[in-house]
Amino acid sequence: MLIPEALLESYGATTEHYKKGDTIFSEFETPKNYYQIISGSIKLNHYNEQGKELIFAILSEGLSVCEMLLFIDHTFPVNAVVFEDAMVLRLSKEKFIQMLDDHPKVARDVNNFLAERLYQKYIMLENNSSLYANVRIKGVLDYHKSFSQDQKPYSYYTPLTRQQIAAMTGLRVETVIRNIKTFEKEGILKIVKGKIYY
């Protein structure tokens with residue numbers, strides 16, 4: 001958990017319940033709240049000119065959602081859509097900033113988290129510019145696993161479908177499937193009942 005639930009609640013955070021497919025916020029809206037996932041998962045996506053979905057991240061329990069935008073005056077560049085039924089703590093921007101001012105250690109923890117997230121994003125973007133499909137796919141897997149506390153092999157269940165990995169990497173689904181099977185043969189990941197463990 002990035003910020004203790006009790007601390008958020010002491011500043012007025014409310015627990016919101018969302019169903020799969022619900023939109024928490026949309027592109028071009030002005031950020032007004034801090035969101036932290038209690039359970040379930042949320043995807044950050046965008047639709048290109050052809051209407052094709054591009055997925056930037058799938059966030060799960062304990063993670064915050066686009067918190068960096070509370071520090072600048074820009075609208076959301078992505079949509080936040082519930083991927084699996086979710087419970088989310090919501091705290092107004094004003095109260096969030098006040099909480100950080102009142103608790104310097106929490107503010108440092110948030111800064112560390114943002115720095116780590118930005119670092120991992122740079123690595124993924126670098127991998128995504130590779131000409132090699134396996135490098136792109138591994139970059140996406142590494143990025144999502146970076147949010148997990150358990151970094152042991154096969155400890156991370158990847159909630160992404162092959163189609164979603166294709167959307168994130170700009171590859172064809174068939175290419176993703178072929179490379180995932182190769183990764184399994186090489187011992188890089190395990191496939192259990194069609195699900196990827198990395």
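Reader: Why is Lys 193 called exposed?

Author: Lys 193 has a relative accessible area of 82%, and exposed means over 50%, with buried under 20% and partly exposed in between (1.4 Å probe, protein chains only). So Lys 193 counts as exposed. Bear in mind that this is a predicted model, where local features need pLDDT of at least 70, side-chain atom pairs count only at pLDDT 80 or more, and totals for chains, interfaces and linings use all residues. Residues are numbered from 1 along each chain as its sequence is written, and side-chain values use heavy atoms, with hydrogens and water left out.

Reader: Where is Lys 193 found, and what is its phi?

Author: Look in the loop between β7 (190-192) and β8 (195-197). Phi of Lys 193 is near 50°, a positive value in a residue other than glycine. Strands here are DSSP runs (E, at least two residues), helices are too (H or I, at least four), and both are numbered from the N terminus.

Reader: What makes Tyr 154 partly exposed?

Author: Its relative accessible area is 29%, which falls between the buried and exposed cut-offs, so Tyr 154 is partly exposed. Tyr 154 sits in the loop between α4 (133-145) and β6 (157-158), and its phi, near 65°, is positive although the residue is not glycine.

Reader: How do you know that Ser 41 counts as buried?

Author: Ser 41 comes in at 3% relative accessibility, so it counts as buried. This serine lies in strand β3 (residues 33-47). Leaving out residues up to four places away in sequence, Ser 41 touches several others, including Ile 58, Val 82 and Phe 83; contact means heavy atoms within 4.5 Å.

Reader: Why are α5 and α6 called roughly perpendicular?

Author: The axes of α5 (residues 162-169) and α6 (residues 173-185) come within 8 Å and cross at roughly 110°. Roughly perpendicular covers 65 to 115 degrees (under 35 is roughly parallel, over 145 roughly antiparallel, the rest oblique), so α5 is roughly perpendicular to α6. Axes are lines fitted to C-alpha atoms, for helices over the stretch in contact, and angles run from 0 to 180 degrees between N-to-C directions.

Reader: Which residues make that contact?

Author: Among them are Ile 165 and Ala 166 of α5, plus Val 176 and Ile 180 of α6.

Reader: And what makes α4 and α6 roughly perpendicular?

Author: α4 and α6 pack at an angle of about 80°, with their axes 10 Å apart. That angle is in the perpendicular range, so α4 and α6 are roughly perpendicular to each other. In this contact, Ala 133, Asn 134, Ile 137 and Lys 138 of α4 meet residues of α6 including Val 176 and Phe 183.
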